[in-house]
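Subject: Structure handover and notes

Hello,

Here is the structure we talked about, followed by my notes on it. Please read them with the model open beside you.

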Amino acid sequence: MTLETINNLSVSELLAQHLIMNIKPQATFAIIGKGFIFPKHKEAIEQNGGKILDIIDGQDWWGNMIEKTKAEWIVILTPNHTHKQIIDVALKNGKKVICEKPLTLSVKDTKELIGKPVYTIHQLRYLPILVDGDSPARRPNDIKFNISVHRGENYFNSWKGSEYASGGLLFNLGIHYFDLVIHYFGEPTEWKLTKYANERAEGYFSKENYRCDFILDLLAPEDKQERSFTINNMSYDLNTKENLHIRVYQDILAGNGLKPEEALKSIKLIEQLRK
């Protein structure tokens with residue numbers, strides 16, 4: 001815009017031109033995977049003003065879609081063991097990536113993504129009760145969580161019941177809570193898995209300022225399911241009807257979000273526990 005043009009415009013016209021020049025283009029997305037978590041991502045994209053250009057089921061050949069889509073972002077909602085391969089293809093095609101947790105199933109694969117436009121989902125970080133600056137979470141000591149839930153035959157017959165496809169119980173269920181503890185209290189210096197099977201895991205991890213004991217169980221009776229999380233005997237409710245994915249997307253589109261170097265911390269802990 002030239003100086004002569006500016007001088008000939010009224011204040012309202014100048015304001016309109018300023019607004020037009022500063023409007024960010026609408027974020028566009030292509031989604032791979034239409035399973036259980038798909039509706040939360042769809043709502044999160046729409047609530048943040050994004051537009052979905054393409055959707056395919058995870059069983060379809062996603063490579064063709066990534067190559068052809070005009071979307072800026074690829075959203076990956078497929079079985080855990082496929083994440084890294086799809087991310088690599090998306091990056092090769094100049095896309096940015098949002099991938100459901102776990103980002104990958106190994107420290108090695110996660111390290112390869114550091115510094116690249118890749119983000120993952122750990123929505124429990126966005127629970128209001130834990131982001132409150134006055135929360136006792138800021139004064140950690142004794143932490144415990146017991147996630148004992150009932151998973152039926154359909155679960156164990158799906159990819160989630162496969163150690164190979166899901167990475168097992170620690171990646172499928174535990175990583176949410178491992179990430180939450182590490183986010184607030186730091187990476188542990190000690191860890192031990194005292195019991196591990198496809199259906200149940202017990203153990204602890206600790207640092208000089210905290211110790212976290214955990215139980216993960218997929219075979220709890222339906223009438224005795226438990227999701228407890230305590231810090232210094234104070235109980236925190238991690239259940240919410242709010243779609244926290246909306247906050248996750250808002251953060252990512254604002255230029256923040258959880259990057260591979262952050263995701264690496266809980267993935268590293270799982271590798272250490274299993275060793």
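Please keep in mind that this is a predicted model.

Cysteines

Cys99 is buried, and its relative accessible area is 0%. Cys212 is likewise buried, also with a relative accessible area of 0%. As for disulfides, a pair of cysteine sulfur atoms has to lie within 2.5 Å to be counted, and the count by that rule is zero.

Five strands make up an open sheet with parallel pairing, in the order 2-1-3-4-5. Strand 2 and strand 5 (118-120) are at the edges, each pairing on one side only. From one strand to the next, the twist averages 20°. Within this sheet, strand 3 and strand 4 (residues 96-99) are joined in parallel by four bridges. Trp73 has Lys96 of strand 4 as its bridge partner.

Helix 3 packs on the sheet, where it touches strand 1, strand 2 and strand 3, and its direction makes about 160° with that of strand 2. Helix 5 (residues 83-92) lies across strand 1, strand 3, strand 4 and strand 5, and runs at about 160° to strand 4.

Helix 3 and His41

Which residues of helix 3 (residues 38-47) are buried? They are Phe38, His41, Ala44 and Ile45. Viewed down the axis of helix 3, these buried residues fall within an arc of 130°, so they line one face of the helix. What the buried residues of helix 3 pack against is strand 1 (28-32), strand 2 (51-56), strand 3 (73-76) and helix 11 (245-253). Just after helix 3 comes Gly49, with a positive phi of about 80°.

His41 deserves a separate look. This residue sits in helix 3 and counts as buried, because its relative accessibility is 0%. The side chain of His41 makes a polar contact of 2.8 Å with the side chain of Glu100. Apart from neighbours within four places in sequence, His41 is in contact with Val75, Leu77, Glu100, Ile121, His245 and Tyr249.

Helix 5 and Ala90

Ala90 is part of helix 5. Its relative accessibility is 0%, so Ala90 counts as buried. Ala90 and Ile66 are 24 residues apart along the chain, and their C-alpha atoms are separated by 6.2 Å. With neighbours within four places in sequence left aside, the contacts of Ala90 are Ile66, Ile74, Lys95 and Val97.

Strand 6 (residues 142-148) takes part in two of the pairings described here. With strand 9 (residues 210-217) it runs parallel, joined by seven bridges. With strand 10 (residues 226-231) it pairs in the antiparallel sense over six bridges. In the pairing with strand 10, Ile147 has Arg227 as its bridge partner.

Strand 8 (residues 200-207) and strand 9 run antiparallel and are joined by eight bridges. These two strands form a hairpin with two residues between them. Cys212 in strand 9 is the bridge partner of Ile143, and Cys212 is also the bridge partner of Phe205.

Strand 10 also pairs with strand 11 (residues 234-235), in the antiparallel sense and over two bridges. Thr230 stands opposite Ser235 of strand 11. The hairpin of strand 10 and strand 11 has two residues between the strands, and in it Asn232 takes a positive phi near 50°.

Asn146

Is Asn146 buried or exposed? The cut-off for buried is under 20% relative accessible area. Asn146 has 16%, so it is buried. Asn146 belongs to strand 6. Its side chain is joined to that of Glu226 by a polar contact of 3.4 Å. Beyond its neighbours within four places in sequence, Asn146 is in contact with Ile215, Glu226, Arg227 and Ser228.

Regards

Key
Residues are numbered from 1 along each chain as its sequence is written. This is a predicted model: local features need pLDDT of at least 70, side-chain atom pairs count only at pLDDT 80 or more; totals for chains, interfaces and linings use all residues. Side-chain values use heavy atoms; hydrogens and water are left out. Buried means under 20% relative accessible area, exposed over 50%, partly exposed in between (1.4 Å probe, protein chains only). The arc is that of the directions from the helix axis to the C-beta atoms. Contact means heavy atoms within 4.5 Å. Two strands pair if DSSP finds at least two bridges between them. A polar contact is a pair of N or O atoms within 3.5 Å; within protein, one must be able to donate a hydrogen and the other to accept it, and residues adjacent in sequence count only if both atoms are side-chain atoms. Axes are lines fitted to C-alpha atoms, for helices over the stretch in contact, and angles run from 0 to 180 degrees between N-to-C directions.
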